[in-house]
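This briefing goes through one protein chain by topic. Look at the structure below before reading the points.

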Amino acid sequence: MNALTLSCYAPDNSFVPDSLVSAPRHPALLRRSFRKTFPAAVRGEGVYLWDETGKQYLDFSGSAAVNFIGHGVSEIPAAMAEQARDLEFVHTSQFTTPIAEVYAQELLGFAGEQFRDGAVYFTCGGSESVETALKLARQYQLEVGQGERHQILSRTQSYHGSTLGALSVSGNRRRREIYLPMVREFTHIGIPYCYRCNYDCTDGCRNCGQEYAAELDTAITASDGKVAGFIFEPVSGATLGAVTPPPGYLNSISEICRKHNVLLIADEVMTGMGRTGKNFAVEHWGIMPDILVTAKGLSSGYAPLGAVIMTKKVVDAIANGSGAFLHGFTYNSHPISLAAGQAVLRRIQKQNLVQEADSAKPKSPAENLDTALNRLRSLSAVGDVRGIGLLWAAEFVADQQTKQPFPPQLNFAGQVGQAAVKRGLLVYPMQGCVDGTAGDHLLIAPPAVITRDQVDSAVEQLGDSIEEVSSHIIWSAARFNSSRDHLGE
Ligand SMILES: Cc1ncc(COP(=O)(O)O)c(C=O)c1O
(Lines give C-alpha, C1' and ligand atoms only; values in the text may rest on other atoms or scores of the structure.)
Protein backbone atom coordinates (compact mmCIF):
# COMPACT_ATOMS: atom_id res chain seq x y z
CA MET A 1 0.00 0.00 0.00
CA ASN A 2 1.21 3.52 -0.72
CA ALA A 3 2.18 5.47 2.36
CA LEU A 4 1.54 9.15 2.88
CA THR A 5 3.97 10.83 5.28
CA LEU A 6 2.65 13.38 7.72
CA SER A 7 4.16 15.60 10.38
CA CYS A 8 2.27 15.64 13.65
CA TYR A 9 2.39 16.28 17.37
CA ALA A 10 2.82 13.39 19.82
CA PRO A 11 0.50 13.12 22.86
CA ASP A 12 3.05 15.06 24.97
CA ASN A 13 2.84 17.85 22.37
CA SER A 14 6.37 17.30 21.06
CA PHE A 15 6.75 17.65 17.30
CA VAL A 16 7.25 14.40 15.36
CA PRO A 17 9.00 14.90 11.99
CA ASP A 18 7.14 13.58 8.99
CA SER A 19 9.82 11.02 8.20
CA LEU A 20 8.74 9.14 11.35
CA VAL A 21 5.03 9.21 10.73
CA SER A 22 3.27 7.29 8.05
CA ALA A 23 -0.39 6.83 7.34
CA PRO A 24 -2.20 4.93 4.63
CA ARG A 25 -2.89 7.01 1.54
CA HIS A 26 -6.62 7.39 1.11
CA PRO A 27 -8.99 9.84 -0.50
CA ALA A 28 -10.78 12.50 1.54
CA LEU A 29 -14.05 10.68 0.94
CA LEU A 30 -14.63 7.65 3.19
CA ARG A 31 -15.68 5.18 0.53
CA ARG A 32 -17.45 1.85 1.10
CA SER A 33 -14.18 -0.08 0.96
CA PHE A 34 -10.45 0.60 1.05
CA ARG A 35 -9.79 -2.61 -0.89
CA LYS A 36 -11.85 -1.90 -3.96
CA THR A 37 -11.36 0.63 -6.71
CA PHE A 38 -14.43 2.60 -7.64
CA PRO A 39 -14.84 4.11 -11.09
CA ALA A 40 -16.16 7.69 -11.00
CA ALA A 41 -19.66 7.81 -12.49
CA VAL A 42 -20.42 10.98 -14.42
CA ARG A 43 -23.56 10.45 -16.49
CA GLY A 44 -26.67 8.33 -16.83
CA GLU A 45 -29.34 7.87 -19.47
CA GLY A 46 -32.06 5.23 -19.66
CA VAL A 47 -30.58 1.92 -18.50
CA TYR A 48 -26.99 3.10 -18.98
CA LEU A 49 -24.36 4.76 -16.81
CA TRP A 50 -20.97 6.13 -17.90
CA ASP A 51 -17.80 6.61 -15.90
CA GLU A 52 -15.26 9.39 -16.37
CA THR A 53 -13.20 7.27 -18.80
CA GLY A 54 -16.20 6.99 -21.09
CA LYS A 55 -16.90 3.32 -20.25
CA GLN A 56 -20.58 2.41 -20.55
CA TYR A 57 -22.41 0.15 -18.06
CA LEU A 58 -25.84 -1.41 -18.37
CA ASP A 59 -27.46 -0.89 -14.97
CA PHE A 60 -28.98 -4.37 -14.53
CA SER A 61 -29.51 -3.90 -10.79
CA GLY A 62 -30.93 -0.35 -10.80
CA SER A 63 -27.90 0.46 -8.62
CA ALA A 64 -29.25 -1.35 -5.52
CA ALA A 65 -32.84 -1.80 -6.73
CA VAL A 66 -33.22 1.97 -6.65
CA ASN A 67 -33.67 3.25 -10.19
CA PHE A 68 -37.05 2.35 -11.68
CA ILE A 69 -37.82 5.10 -14.22
CA GLY A 70 -34.41 5.11 -15.92
CA HIS A 71 -31.47 7.48 -15.54
CA GLY A 72 -31.27 11.02 -16.88
CA VAL A 73 -35.00 11.78 -17.09
CA SER A 74 -34.87 15.55 -17.42
CA GLU A 75 -38.38 16.29 -16.13
CA ILE A 76 -37.31 15.15 -12.64
CA PRO A 77 -34.46 17.66 -12.12
CA ALA A 78 -36.68 20.27 -13.79
CA ALA A 79 -39.36 19.71 -11.11
CA MET A 80 -36.70 19.82 -8.40
CA ALA A 81 -35.21 23.04 -9.74
CA GLU A 82 -38.62 24.70 -9.94
CA GLN A 83 -39.31 23.76 -6.32
CA ALA A 84 -35.85 24.96 -5.25
CA ARG A 85 -36.42 28.30 -6.97
CA ASP A 86 -39.74 28.81 -5.16
CA LEU A 87 -38.84 27.39 -1.77
CA GLU A 88 -35.92 25.19 -0.87
CA PHE A 89 -36.75 24.32 2.74
CA VAL A 90 -38.90 25.05 5.74
CA HIS A 91 -38.97 23.21 9.05
CA THR A 92 -41.96 20.94 9.63
CA SER A 93 -42.42 22.35 13.15
CA GLN A 94 -43.25 25.72 11.58
CA PHE A 95 -44.82 25.07 8.19
CA THR A 96 -46.43 22.59 5.91
CA THR A 97 -45.94 23.04 2.14
CA PRO A 98 -48.20 22.65 -0.90
CA ILE A 99 -45.85 20.05 -2.42
CA ALA A 100 -46.00 17.91 0.75
CA GLU A 101 -49.79 18.06 1.05
CA VAL A 102 -50.50 17.32 -2.62
CA TYR A 103 -47.88 14.62 -3.03
CA ALA A 104 -48.98 12.84 0.19
CA GLN A 105 -52.50 12.67 -1.22
CA GLU A 106 -51.23 11.29 -4.55
CA LEU A 107 -49.11 8.67 -2.79
CA LEU A 108 -52.03 7.54 -0.62
CA GLY A 109 -54.03 7.04 -3.80
CA PHE A 110 -51.18 4.99 -5.30
CA ALA A 111 -50.99 2.86 -2.13
CA GLY A 112 -54.63 1.85 -2.58
CA GLU A 113 -58.01 1.68 -0.91
CA GLN A 114 -56.58 0.31 2.34
CA PHE A 115 -54.91 3.67 2.94
CA ARG A 116 -57.90 5.86 2.17
CA ASP A 117 -57.97 8.69 4.76
CA GLY A 118 -54.62 7.50 6.07
CA ALA A 119 -51.48 9.64 6.18
CA VAL A 120 -47.91 9.77 4.91
CA TYR A 121 -44.73 10.70 6.79
CA PHE A 122 -41.80 11.58 4.49
CA THR A 123 -38.17 10.87 5.37
CA CYS A 124 -34.82 10.82 3.56
CA GLY A 125 -34.56 7.07 2.89
CA GLY A 126 -35.25 3.49 3.90
CA SER A 127 -33.57 3.29 7.29
CA GLU A 128 -35.15 6.53 8.48
CA SER A 129 -38.51 5.24 7.33
CA VAL A 130 -38.06 1.96 9.20
CA GLU A 131 -37.07 3.86 12.36
CA THR A 132 -40.17 5.98 11.93
CA ALA A 133 -42.41 2.94 11.47
CA LEU A 134 -41.04 1.22 14.59
CA LYS A 135 -41.66 4.32 16.72
CA LEU A 136 -45.06 4.84 15.13
CA ALA A 137 -46.08 1.29 16.09
CA ARG A 138 -44.97 1.91 19.67
CA GLN A 139 -46.78 5.22 19.93
CA TYR A 140 -49.92 3.76 18.37
CA GLN A 141 -50.07 1.10 21.09
CA LEU A 142 -49.64 3.73 23.80
CA GLU A 143 -52.39 5.85 22.29
CA VAL A 144 -54.82 2.91 22.33
CA GLY A 145 -54.04 2.12 25.96
CA GLN A 146 -51.60 -0.75 25.33
CA GLY A 147 -48.54 0.78 26.97
CA GLU A 148 -46.98 -2.63 27.68
CA ARG A 149 -46.48 -3.20 23.97
CA HIS A 150 -43.01 -2.13 22.91
CA GLN A 151 -41.47 -5.15 21.14
CA ILE A 152 -41.12 -5.41 17.38
CA LEU A 153 -40.84 -8.93 16.02
CA SER A 154 -39.10 -9.63 12.74
CA ARG A 155 -37.53 -12.44 10.71
CA THR A 156 -34.09 -13.98 10.47
CA GLN A 157 -32.25 -13.22 7.23
CA SER A 158 -34.15 -9.96 6.74
CA TYR A 159 -32.73 -6.51 6.06
CA HIS A 160 -34.42 -3.37 7.32
CA GLY A 161 -31.64 -0.81 7.28
CA SER A 162 -28.41 0.35 8.83
CA THR A 163 -29.45 2.60 11.73
CA LEU A 164 -29.44 0.92 15.15
CA GLY A 165 -33.22 0.48 15.44
CA ALA A 166 -33.45 -0.92 11.92
CA LEU A 167 -30.45 -3.17 12.60
CA SER A 168 -32.12 -4.54 15.72
CA VAL A 169 -35.00 -5.89 13.63
CA SER A 170 -32.76 -7.01 10.77
CA GLY A 171 -31.38 -10.52 10.48
CA ASN A 172 -28.41 -9.89 8.18
CA ARG A 173 -25.61 -11.38 10.28
CA ARG A 174 -22.65 -9.64 8.68
CA ARG A 175 -24.18 -6.19 8.78
CA ARG A 176 -25.23 -6.62 12.44
CA GLU A 177 -22.43 -8.55 14.03
CA ILE A 178 -20.12 -5.87 15.40
CA TYR A 179 -22.98 -3.60 16.48
CA LEU A 180 -24.89 -6.27 18.41
CA PRO A 181 -23.75 -5.02 21.84
CA MET A 182 -25.38 -1.69 20.94
CA VAL A 183 -28.78 -2.89 19.76
CA ARG A 184 -31.93 -3.88 21.62
CA GLU A 185 -32.97 -7.33 20.45
CA PHE A 186 -36.44 -8.83 20.20
CA THR A 187 -37.47 -12.19 18.79
CA HIS A 188 -36.63 -13.06 15.18
CA ILE A 189 -38.81 -15.82 13.77
CA GLY A 190 -37.80 -18.09 10.88
CA ILE A 191 -38.18 -16.94 7.30
CA PRO A 192 -39.50 -19.12 4.46
CA TYR A 193 -36.64 -19.83 2.06
CA CYS A 194 -37.97 -22.83 0.24
CA TYR A 195 -34.84 -23.60 -1.77
CA ARG A 196 -33.33 -24.56 1.59
CA CYS A 197 -36.41 -25.09 3.73
CA ASN A 198 -36.52 -26.19 7.38
CA TYR A 199 -39.87 -27.86 6.76
CA ASP A 200 -41.46 -30.24 4.28
CA CYS A 201 -42.12 -28.46 0.96
CA THR A 202 -43.44 -31.40 -1.05
CA ASP A 203 -47.01 -30.05 -1.14
CA GLY A 204 -45.99 -26.89 -3.05
CA CYS A 205 -44.99 -25.15 0.21
CA ARG A 206 -48.51 -24.90 1.65
CA ASN A 207 -47.47 -26.75 4.78
CA CYS A 208 -44.19 -24.93 5.29
CA GLY A 209 -45.86 -21.54 4.96
CA GLN A 210 -48.18 -22.45 7.83
CA GLU A 211 -45.29 -23.79 9.92
CA TYR A 212 -43.42 -20.51 9.54
CA ALA A 213 -46.57 -18.49 10.27
CA ALA A 214 -47.12 -20.56 13.44
CA GLU A 215 -43.71 -19.37 14.64
CA LEU A 216 -45.13 -15.85 14.74
CA ASP A 217 -48.16 -16.96 16.76
CA THR A 218 -45.89 -18.73 19.23
CA ALA A 219 -43.53 -15.75 19.58
CA ILE A 220 -46.38 -13.29 20.15
CA THR A 221 -47.97 -15.55 22.75
CA ALA A 222 -44.62 -16.03 24.50
CA SER A 223 -44.13 -12.25 24.75
CA ASP A 224 -47.06 -12.00 27.16
CA GLY A 225 -48.76 -9.04 25.51
CA LYS A 226 -45.63 -7.01 24.82
CA VAL A 227 -45.52 -7.05 21.02
CA ALA A 228 -46.36 -3.74 19.29
CA GLY A 229 -45.65 -4.73 15.69
CA PHE A 230 -44.27 -7.27 13.24
CA ILE A 231 -42.07 -6.09 10.37
CA PHE A 232 -41.38 -8.10 7.23
CA GLU A 233 -40.31 -7.76 3.59
CA PRO A 234 -43.08 -9.25 1.38
CA VAL A 235 -40.34 -10.36 -1.04
CA SER A 236 -36.94 -10.73 0.63
CA GLY A 237 -34.52 -8.14 -0.63
CA ALA A 238 -30.76 -8.08 -0.39
CA THR A 239 -30.10 -10.65 2.36
CA LEU A 240 -31.85 -13.70 0.86
CA GLY A 241 -32.28 -12.42 -2.67
CA ALA A 242 -35.79 -12.05 -4.09
CA VAL A 243 -37.40 -14.92 -2.19
CA THR A 244 -41.18 -14.88 -2.68
CA PRO A 245 -43.43 -16.14 0.14
CA PRO A 246 -45.09 -19.58 0.03
CA PRO A 247 -48.84 -19.67 -0.74
CA GLY A 248 -51.03 -18.70 2.20
CA TYR A 249 -48.09 -17.63 4.39
CA LEU A 250 -48.60 -13.87 4.34
CA ASN A 251 -52.36 -14.25 4.74
CA SER A 252 -51.79 -16.29 7.90
CA ILE A 253 -49.21 -13.79 9.15
CA SER A 254 -51.71 -11.01 8.62
CA GLU A 255 -54.50 -12.91 10.46
CA ILE A 256 -52.21 -13.70 13.38
CA CYS A 257 -51.28 -10.02 13.75
CA ARG A 258 -54.95 -9.00 13.70
CA LYS A 259 -55.86 -11.66 16.25
CA HIS A 260 -53.22 -10.37 18.68
CA ASN A 261 -53.67 -6.62 17.97
CA VAL A 262 -50.13 -6.45 16.64
CA LEU A 263 -49.50 -3.89 13.88
CA LEU A 264 -48.43 -5.36 10.56
CA ILE A 265 -45.54 -3.37 9.06
CA ALA A 266 -44.62 -4.14 5.45
CA ASP A 267 -41.09 -3.05 4.59
CA GLU A 268 -41.38 -2.24 0.90
CA VAL A 269 -38.24 -0.11 0.70
CA MET A 270 -37.04 -2.36 -2.12
CA THR A 271 -40.28 -3.90 -3.40
CA GLY A 272 -42.52 -0.83 -3.42
CA MET A 273 -43.40 1.65 -6.15
CA GLY A 274 -43.96 -0.94 -8.87
CA ARG A 275 -40.75 -2.98 -8.61
CA THR A 276 -42.60 -6.33 -8.43
CA GLY A 277 -45.28 -5.52 -11.02
CA LYS A 278 -47.88 -4.19 -8.55
CA ASN A 279 -47.83 -0.75 -6.95
CA PHE A 280 -46.80 -2.49 -3.73
CA ALA A 281 -45.80 -6.15 -3.43
CA VAL A 282 -48.36 -6.92 -0.69
CA GLU A 283 -51.03 -6.61 -3.39
CA HIS A 284 -49.84 -9.90 -4.95
CA TRP A 285 -51.11 -11.72 -1.87
CA GLY A 286 -54.05 -9.44 -1.05
CA ILE A 287 -52.83 -8.53 2.42
CA MET A 288 -53.33 -5.16 4.04
CA PRO A 289 -50.60 -3.84 6.31
CA ASP A 290 -51.27 -1.14 8.89
CA ILE A 291 -48.00 0.57 8.00
CA LEU A 292 -46.23 0.49 4.65
CA VAL A 293 -42.61 1.62 4.43
CA THR A 294 -41.07 2.57 1.12
CA ALA A 295 -38.01 4.37 -0.33
CA LYS A 296 -35.58 3.54 -3.21
CA GLY A 297 -37.97 3.54 -6.21
CA LEU A 298 -40.02 6.29 -4.54
CA SER A 299 -37.62 8.86 -5.94
CA SER A 300 -35.82 6.40 -8.25
CA GLY A 301 -32.60 7.81 -6.78
CA TYR A 302 -33.12 11.37 -8.01
CA ALA A 303 -33.20 12.63 -4.40
CA PRO A 304 -32.95 11.09 -0.92
CA LEU A 305 -36.54 10.12 -0.08
CA GLY A 306 -38.51 7.59 1.95
CA ALA A 307 -42.10 7.38 3.12
CA VAL A 308 -44.13 5.76 5.87
CA ILE A 309 -47.71 5.28 4.77
CA MET A 310 -50.20 4.54 7.55
CA THR A 311 -53.85 3.57 7.64
CA LYS A 312 -56.63 5.72 9.07
CA LYS A 313 -56.69 3.49 12.16
CA VAL A 314 -53.07 4.36 12.97
CA VAL A 315 -53.23 8.09 12.27
CA ASP A 316 -56.57 8.47 14.05
CA ALA A 317 -55.15 6.90 17.20
CA ILE A 318 -52.62 9.73 17.41
CA ALA A 319 -54.93 12.46 16.14
CA ASN A 320 -57.62 11.56 18.69
CA GLY A 321 -55.12 10.70 21.42
CA SER A 322 -52.08 12.75 22.38
CA GLY A 323 -52.37 14.76 19.16
CA ALA A 324 -48.70 14.67 18.08
CA PHE A 325 -46.28 12.07 16.73
CA LEU A 326 -43.24 12.27 19.00
CA HIS A 327 -40.65 11.94 16.29
CA GLY A 328 -38.99 14.10 13.67
CA PHE A 329 -35.98 14.77 11.50
CA THR A 330 -34.81 18.21 10.38
CA TYR A 331 -35.13 17.08 6.79
CA ASN A 332 -38.41 15.17 6.88
CA SER A 333 -40.71 16.31 4.06
CA HIS A 334 -37.86 18.12 2.31
CA PRO A 335 -39.56 20.09 -0.51
CA ILE A 336 -36.91 19.38 -3.17
CA SER A 337 -36.94 15.63 -2.49
CA LEU A 338 -40.73 15.68 -2.53
CA ALA A 339 -40.73 17.46 -5.90
CA ALA A 340 -38.52 14.64 -7.20
CA GLY A 341 -40.81 11.99 -5.71
CA GLN A 342 -43.95 13.57 -7.12
CA ALA A 343 -42.42 13.88 -10.60
CA VAL A 344 -41.25 10.24 -10.41
CA LEU A 345 -44.71 9.03 -9.37
CA ARG A 346 -46.32 10.93 -12.24
CA ARG A 347 -43.77 9.47 -14.66
CA ILE A 348 -44.43 5.91 -13.40
CA GLN A 349 -48.14 6.41 -13.98
CA LYS A 350 -47.84 8.23 -17.32
CA GLN A 351 -45.53 5.57 -18.76
CA ASN A 352 -47.38 2.57 -17.25
CA LEU A 353 -44.11 1.39 -15.75
CA VAL A 354 -45.76 -0.84 -13.15
CA GLN A 355 -47.21 -2.91 -16.00
CA GLU A 356 -43.76 -3.09 -17.63
CA ALA A 357 -42.49 -4.56 -14.36
CA ASP A 358 -45.20 -7.24 -14.29
CA SER A 359 -43.65 -10.62 -15.08
CA ALA A 360 -47.13 -12.11 -15.53
CA LYS A 361 -47.85 -9.68 -18.40
CA PRO A 362 -47.03 -11.21 -21.80
CA LYS A 363 -44.35 -9.34 -23.79
CA SER A 364 -43.30 -7.14 -20.85
CA PRO A 365 -39.56 -6.79 -20.18
CA ALA A 366 -40.23 -8.38 -16.78
CA GLU A 367 -41.70 -11.48 -18.45
CA ASN A 368 -38.59 -11.72 -20.60
CA LEU A 369 -36.36 -11.29 -17.56
CA ASP A 370 -38.09 -14.27 -15.91
CA THR A 371 -37.62 -16.43 -19.04
CA ALA A 372 -34.05 -15.32 -19.76
CA LEU A 373 -32.79 -15.68 -16.18
CA ASN A 374 -34.30 -19.13 -15.89
CA ARG A 375 -32.12 -20.19 -18.83
CA LEU A 376 -29.13 -19.70 -16.49
CA ARG A 377 -30.23 -22.78 -14.56
CA SER A 378 -28.36 -24.84 -17.19
CA LEU A 379 -25.06 -23.49 -15.79
CA SER A 380 -23.58 -25.83 -13.20
CA ALA A 381 -22.89 -23.03 -10.70
CA VAL A 382 -26.49 -21.78 -10.71
CA GLY A 383 -28.56 -23.47 -8.00
CA ASP A 384 -31.66 -21.34 -7.99
CA VAL A 385 -33.28 -18.52 -9.96
CA ARG A 386 -36.13 -16.77 -8.15
CA GLY A 387 -38.05 -13.55 -8.05
CA ILE A 388 -41.01 -11.64 -9.34
CA GLY A 389 -41.55 -8.61 -11.55
CA LEU A 390 -38.25 -6.77 -11.93
CA LEU A 391 -36.71 -8.16 -8.74
CA TRP A 392 -34.78 -11.39 -9.29
CA ALA A 393 -31.85 -13.31 -7.87
CA ALA A 394 -29.57 -16.13 -8.99
CA GLU A 395 -28.10 -18.24 -6.18
CA PHE A 396 -24.78 -19.99 -6.82
CA VAL A 397 -23.80 -23.45 -5.59
CA ALA A 398 -20.71 -25.63 -5.81
CA ASP A 399 -22.97 -28.65 -6.38
CA GLN A 400 -26.45 -28.44 -7.88
CA GLN A 401 -27.55 -31.80 -6.41
CA THR A 402 -26.53 -31.23 -2.80
CA LYS A 403 -26.96 -27.42 -2.98
CA GLN A 404 -23.60 -27.08 -1.26
CA PRO A 405 -22.56 -23.42 -1.31
CA PHE A 406 -19.12 -22.21 -2.38
CA PRO A 407 -16.65 -21.54 0.44
CA PRO A 408 -17.40 -17.93 1.52
CA GLN A 409 -13.73 -16.90 1.14
CA LEU A 410 -14.01 -17.56 -2.62
CA ASN A 411 -16.53 -14.71 -2.80
CA PHE A 412 -18.06 -16.34 -5.86
CA ALA A 413 -20.84 -13.77 -6.23
CA GLY A 414 -18.36 -10.89 -5.89
CA GLN A 415 -16.15 -12.45 -8.56
CA VAL A 416 -19.11 -12.80 -10.91
CA GLY A 417 -19.98 -9.17 -10.16
CA GLN A 418 -16.45 -8.11 -11.13
CA ALA A 419 -16.47 -10.26 -14.28
CA ALA A 420 -19.76 -8.59 -15.23
CA VAL A 421 -18.36 -5.09 -14.58
CA LYS A 422 -15.49 -5.88 -16.97
CA ARG A 423 -18.17 -6.49 -19.61
CA GLY A 424 -19.97 -3.25 -18.73
CA LEU A 425 -22.79 -4.94 -16.80
CA LEU A 426 -23.80 -3.93 -13.27
CA VAL A 427 -25.34 -6.49 -10.91
CA TYR A 428 -25.65 -6.58 -7.10
CA PRO A 429 -23.62 -9.45 -5.54
CA MET A 430 -24.34 -10.57 -1.96
CA GLN A 431 -23.16 -13.29 0.39
CA GLY A 432 -24.68 -15.07 3.39
CA CYS A 433 -28.03 -16.33 2.09
CA VAL A 434 -27.45 -19.85 3.48
CA ASP A 435 -26.64 -19.05 7.10
CA GLY A 436 -25.53 -15.42 7.29
CA THR A 437 -21.99 -16.23 6.12
CA ALA A 438 -22.08 -18.93 3.43
CA GLY A 439 -24.14 -18.61 0.26
CA ASP A 440 -23.68 -16.43 -2.80
CA HIS A 441 -26.29 -14.69 -4.86
CA LEU A 442 -26.75 -11.80 -7.24
CA LEU A 443 -29.67 -9.43 -7.22
CA ILE A 444 -31.04 -8.28 -10.58
CA ALA A 445 -33.38 -5.27 -10.54
CA PRO A 446 -33.15 -3.21 -13.74
CA PRO A 447 -35.04 0.01 -14.43
CA ALA A 448 -38.51 -0.65 -15.90
CA VAL A 449 -37.49 1.12 -19.12
CA ILE A 450 -35.21 -1.78 -20.07
CA THR A 451 -36.15 -3.38 -23.38
CA ARG A 452 -36.59 -7.11 -24.01
CA ASP A 453 -33.49 -7.08 -26.24
CA GLN A 454 -31.43 -5.39 -23.55
CA VAL A 455 -32.61 -8.06 -21.11
CA ASP A 456 -31.47 -10.82 -23.50
CA SER A 457 -28.02 -9.38 -24.06
CA ALA A 458 -27.53 -8.58 -20.35
CA VAL A 459 -28.44 -12.14 -19.34
CA GLU A 460 -26.08 -13.51 -21.98
CA GLN A 461 -23.25 -11.40 -20.56
CA LEU A 462 -24.17 -12.48 -17.06
CA GLY A 463 -24.03 -16.13 -18.18
CA ASP A 464 -20.57 -15.52 -19.69
CA SER A 465 -19.43 -13.91 -16.43
CA ILE A 466 -20.64 -16.89 -14.38
CA GLU A 467 -18.90 -19.32 -16.78
CA GLU A 468 -15.68 -17.33 -16.63
CA VAL A 469 -15.57 -17.45 -12.81
CA SER A 470 -16.66 -21.13 -12.68
CA SER A 471 -13.98 -22.24 -15.15
CA HIS A 472 -11.34 -20.27 -13.28
CA ILE A 473 -12.34 -22.00 -10.04
CA ILE A 474 -12.38 -25.47 -11.63
CA TRP A 475 -8.99 -24.75 -13.17
CA SER A 476 -7.56 -23.57 -9.81
CA ALA A 477 -8.99 -26.63 -8.01
CA ALA A 478 -7.53 -28.96 -10.66
CA ARG A 479 -4.13 -27.31 -10.34
CA PHE A 480 -4.32 -27.61 -6.52
CA ASN A 481 -5.27 -31.32 -6.74
CA SER A 482 -2.54 -32.13 -9.28
CA SER A 483 0.10 -30.46 -7.09
CA ARG A 484 -1.13 -32.59 -4.14
CA ASP A 485 -0.87 -35.72 -6.34
CA HIS A 486 2.61 -34.65 -7.33
CA LEU A 487 3.59 -34.34 -3.67
CA GLY A 488 2.12 -37.78 -3.04
CA GLU A 489 -0.48 -36.46 -0.52
C1 LIG B 1 -36.07 -3.90 2.65
C2 LIG B 1 -35.15 -2.78 3.03
N3 LIG B 1 -35.42 -2.03 4.10
C4 LIG B 1 -34.65 -0.99 4.46
C5 LIG B 1 -33.51 -0.67 3.73
C6 LIG B 1 -32.66 0.50 4.14
O7 LIG B 1 -32.81 1.52 3.23
P8 LIG B 1 -31.70 2.67 3.07
O9 LIG B 1 -30.47 2.00 2.58
O10 LIG B 1 -32.32 3.62 2.09
O11 LIG B 1 -31.53 3.30 4.41
C12 LIG B 1 -33.20 -1.42 2.60
C13 LIG B 1 -31.99 -1.11 1.80
O14 LIG B 1 -31.52 -1.88 1.02
C15 LIG B 1 -34.03 -2.50 2.23
O16 LIG B 1 -33.77 -3.26 1.15
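Strand 6 and strand 7 (residues 56-59) run antiparallel and are joined by three bridges. Helices (H or I, at least four residues) and strands (E, at least two) are DSSP runs, numbered from the N terminus, and two strands pair if DSSP finds at least two bridges between them. The model is predicted: local features need pLDDT of at least 70 and side-chain atom pairs count only at pLDDT 80 or more, while totals for chains, interfaces and linings use all residues. Residues are numbered from 1 along each chain as its sequence is written, and side-chain values use heavy atoms, with hydrogens and water left out.

**Two hairpins**

- Tyr48 has Leu58 as its bridge partner in strand 7.
- Four residues lie between the strands in the hairpin of strand 6 and strand 7, where Gly54 takes a positive phi near 95°.
- Strand 6 (residues 48-51) is also joined to strand 5 (residues 41-45), by four bridges, and these two strands run antiparallel.
- Gly44 has Leu49 in strand 6 as its bridge partner.
- The hairpin of strand 5 and strand 6 has two residues between the strands, and Gly46 takes a positive phi near 60° there.

**The open sheet**

- Strands of a sheet pair through backbone hydrogen bonds, in either the parallel or the antiparallel sense.
- An open sheet is formed by seven strands in the order 8-14-13-12-11-9-10, with mixed pairing.
- Strand 8 and strand 10 (188-189) are the edge strands, and each pairs on one side only.
- Four bridges pair strand 12 (residues 263-268) with strand 13 (residues 291-294) in the parallel sense.
- Opposite Ala266 stands Leu292 in strand 13.

**The second largest pocket**

- The second largest pocket has a volume of about 710 Å³.
- On a 1 Å grid over the protein atoms alone, a pocket is an open set of points where a 1.4 Å probe fits, with protein on both sides within 12 Å along at least five of seven lines; lining residues have an atom within 4 Å of a point.
- A volume is the space filled by probe spheres set on the points, which are joined across faces, edges and corners.
- This pocket is lined by 27 residues, and the closest to its centre are Glu101, Ala119, Val120, Tyr121 and Ser333.
- At least two lining residues each come from helix 3 (98-111), strand 8 (119-123) and helix 9 (312-319).
- Helix 3 gives the most, with five residues.
- The lining has 17 nonpolar (Ala, Val, Leu, Ile, Met, Phe, Trp, Tyr, Cys and Pro), nine polar (the others, Gly among them) and one charged (Asp, Glu, Lys and Arg) residues.

- Ala111 has its place in helix 3.
- Ala111 is buried, with a relative accessible area of 9%; buried means under 20%, exposed over 50% and partly exposed in between (1.4 Å probe, protein chains only).
- Ala111 and Glu283 are 172 residues apart in sequence, and their C-alpha atoms are 9.6 Å apart in space.
- Helix 10 (residues 335-350) has 16 residues and should span 22 Å at 1.5 Å a residue, which agrees with its end C-alpha atoms being 22 Å apart.
- The expected span is 1.5 Å times one less than the number of residues in the helix.
- Helix 10 is mostly covered, as 13 of its 16 residues are buried.

**The whole chain**

- The chain has 14 helices and 19 strands.
- Of its 489 residues, 52% are buried.
- Along the principal axes, the C-alpha atoms fill a box of roughly 80 × 70 × 55 Å.
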